[in-house]
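Here is a short briefing on the model below.

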Amino acid sequence: MKPIVMIGAILALLGLLAIASPVFTTNQTRNVVTLGDLKIQANEPTSHSIPLILSGASLIVGLVLVAGGLYQKS
């Protein structure tokens, strides 16, 4: 398989995934209190969103790369 087709397929898949689930959450661990060797930590959830224009552009560019890679003569 051609590398451009594989890159395009991965890009299109990531764009489709971002359109299907545009918001994801990560956890960040912070030190709240440090007293000598004692550390008190807290987990804070942080929400991130992927803009729809970026997701759509990724999907379109990926599909164009796949189509261009398959259309090229070997």
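**Predicted model: overview**

Buried residues (under 20% relative accessible area, 1.4 Å probe, protein chains only) make up 16% of the 74 residues in the protein. This is a predicted model, in which local features need pLDDT of at least 70, side-chain atom pairs count only at pLDDT 80 or more, and totals for chains, interfaces and linings use all residues. Numbering starts from 1 along each chain as its sequence is written, and side-chain values use heavy atoms, without hydrogens and water.

**Fold and dimensions**

- The protein has 2 helices and 2 strands, as DSSP runs (helices H or I, at least four residues; strands E, at least two), numbered from the N terminus.
- From the N terminus on, their order is α-β-β-α.
- Along the principal axes, the C-alpha atoms fill a box of roughly 70 × 25 × 15 Å.

**Helix packing**

- Helix α1 (residues 3-20) packs against helix α2 (residues 52-71) at about 155°, with the axes 7 Å apart. Axes are lines fitted to C-alpha atoms over the stretch in contact, and angles run from 0 to 180 degrees between N-to-C directions.
- The two helices α1 and α2 are therefore roughly antiparallel (angles over 145 degrees).
- Residues in the contact (heavy atoms within 4.5 Å) include Gly8, Ala12 and Gly15 of α1 and Ser55, Gly62 and Val66 of α2.

Conventions:
Parallel < 35°, antiparallel > 145°, perpendicular 65-115°, else oblique. Buried < 20%, exposed > 50% of the residue type's maximum accessible area, 1.4 Å probe, protein only.
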